[in-house]
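Please view the sequence and the structure first.

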Amino acid sequence: MVSASHDAEPHGGSGSISSRLNWLRAGVLGANDGIVSTAGIVVGVAAATVDRGPIFTAGIAGLVAGAVSMALGEYVSVSTQRDTERALLAKERRELQEDPAAELDELAGLLEGRGLSVSTARTAAEELTDHNAFAAHAAVELGITPGDLANPWAAAASSAVSFTLGALLPLIAILLPPMALRVPVTMVGMLLALAVTGLLSARLGGAPVGKAMARNVIGGALALGSTYLVGHLVGGLIS
C-alpha cells in the first residue's frame, strides 16, 4: 500500500525540483539582502538626523540601487553560467556526431562509476543512447538538462523583486513610528524579519534551523549596530 505522503511527493524530474528550490532560496536571500542593506542605511541616517525627508530619500536610493545591483549581478552570473552550459552541450553534441562508439563507452563507464555492474552499465548506456543519446550524455556526464537552462532575465527579475520586498520592510518601519521609537522599532522589526528569512532558508536547504536563524540575526544586529554608530558619529561631526 502506497502512503499518502508518498503520493503527495512531486514526481517531476529532480533537475526541475532542484531548480525550483534554488530559485526559492535565491528569493529568500535577495529579501534578506534587501532587509539588511536598507535597514542599515535608514538606521544610519536616522542616527544623524530626525528629519523624515533625508531618511526617506536615503532609503529609496538604497532600495533602487540595491535592486538594480542585485538584478545586474544575477543577470551577469546566470548569463555566464548559461553560456558555459551551451558551450559544453555544443561540444558534447559534436563529439557524439564524430565518434558515437567512444561516447557510448564513456557513458557506460560513467554509469559503472555510479555503482552499476559492467553488464548493467553497458545495457543501460545502450538503451539511453537508443532513446536520446544527447540528453543522456548531457544529464549523466555534464549534469545538465538541455531544455531547462537557467534564464538570466528571470533570475534578474526575481532578485530585483525579492530585494525590493525585503527593502520595503525597514523603509516602512523607520517612517511610521514616532521619532523616539524609529530606531528601536526598526531594529527589532528587522531582526525578527531576519529570523524568519533564516528559518525559511534553512527549511528550503534542509539545514539546521537554529544555526541559520542565529547567523542571520547576529549578522543583522552587527550591521545595524555598526551603521547606527557610523551615522551617530558622522552626524555629530558635521552638525
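## Thr38

The side chain of Thr38 reaches the backbone oxygen of Gly34 at 3.0 Å. This is a polar contact (a pair of N or O atoms within 3.5 Å; within protein, one must be able to donate a hydrogen and the other to accept it, and residues adjacent in sequence count only if both atoms are side-chain atoms). Thr38 sits in helix α2. Helices (H or I, at least four residues) are DSSP runs, numbered from the N terminus.

Thr38 is buried, at 0% relative accessible area. Buried means under 20%, exposed over 50%, and partly exposed in between (1.4 Å probe, protein chains only). Not counting residues up to four places away in sequence, Thr38 touches Asp33, Gly59, Leu63, Phe163, Ala167 and Pro170. Contact means heavy atoms within 4.5 Å.

## Basis of the model

This is a predicted model: local features need pLDDT of at least 70, side-chain atom pairs count only at pLDDT 80 or more, and totals for chains, interfaces and linings use all residues. Residues are numbered from 1 along each chain as its sequence is written, and side-chain values use heavy atoms, with hydrogens and water left out.

## Thr49

Thr49 lies in the loop between α2 (14-48) and α3 (52-98). Its side chain reaches the backbone nitrogen of Asp51 at 3.2 Å. Leaving aside neighbours within four places in sequence, Thr49 contacts Pro54 and Ile55.

## Helix α6

Helix α6 (residues 152-175) has 24 residues. From first C-alpha to last it reaches 35 Å, close to the expected 34 Å. The expected span is 1.5 Å times one less than the number of residues. Asn151 caps the N-terminal end: a side-chain oxygen lies 2.9 Å from the backbone nitrogen of Trp153.

## Salt bridges

The structure holds three salt bridges. Each needs a side-chain nitrogen of Lys or Arg within 4 Å of a carboxyl oxygen of Asp or Glu. Lys91 and Glu95 meet at 2.6 Å, N to O. They are four residues apart in helix α3, so about one helical turn separates them. Lys91 is partly exposed at 40%, as is Glu95 at 22%.

Arg122 and Asp105 meet at 2.5 Å, N to O. Arg122 lies in helix α5 (residues 118-142) and Asp105 in helix α4 (residues 100-113), so the pair ties together parts 17 residues apart in sequence. Glu126 also bridges to Arg122, with the closest N and O atoms 3.5 Å apart.

How values were computed. Helices (H or I, at least four residues) and strands (E, at least two) are DSSP runs, numbered from the N terminus.
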